[in-house]
Amino acid sequence: RIQAQRVEGRHIVEAIYGRVQRAQDDTQFYKIKWLGHHVRRATWEPRAHLPEALAVEYDFRMDLASQGG
């Protein structure tokens with residue numbers, strides 16, 4: 001699980017539940033669960049809206065998991 005982190009000084013990311021890539025332009029989106037909000041209020045956010053370290057850590061963990069590590 002990714003640690004909660006503040007995004008753009010407004011909201012705190014509690015967890016990332018998924019990642020998809022849009023085919024037409026390869027933009028990556030992450031399913032974000034916001035601290036203090038129900039999971040039903042999770043939103044898909046483009047990678048550019050997240051702190052780079054948060055996205056890199058999530059990608060690393062998912063890539064490692066897909067390799068059986």
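Is tyrosine 58 buried or exposed, and at what relative accessibility? Select tyrosine 58: at 7% relative accessibility, this residue counts as buried (buried is under 20% relative accessible area, exposed over 50%, partly exposed in between, with a 1.4 Å probe and protein chains only).

Some ground rules. This is a predicted model, in which local features need pLDDT of at least 70 and side-chain atom pairs count only at pLDDT 80 or more, while totals for chains, interfaces and linings use all residues. Residues are numbered from 1 along each chain as its sequence is written, and side-chain values use heavy atoms, leaving out hydrogens and water.

Now colour by secondary structure. The protein has one helix and four strands (DSSP runs numbered from the N terminus: helices are H or I with at least four residues, strands E with at least two). From the N terminus, the order is β-β-β-β-α.

Next, select tyrosine 30 together with tyrosine 58. The count of aromatic pairs comes to one (rings of Phe, Tyr and Trp, the last by its six-membered ring, pair with centres within 6.5 Å; planes under 30 degrees apart are stacked, over 60 edge-to-face, the rest tilted). The two ring centres lie 5.8 Å apart with planes at 80°, so the pair is edge-to-face. Tyrosine 30 sits in strand 3 (residues 28-34) and tyrosine 58 in helix 1 (residues 52-66), so the pair ties together parts 28 residues apart in sequence. Tyrosine 30 is buried too, at 0% relative accessible area.

Move to aspartate 26, in the loop between strand 2 (11-21) and strand 3. Aspartate 26 is exposed, at 51% relative accessibility. Its phi is near 65°, a positive value in a residue other than glycine. Most residues other than glycine have a negative phi.

Finally, show the whole protein. Buried residues make up 29% of its 69 residues.
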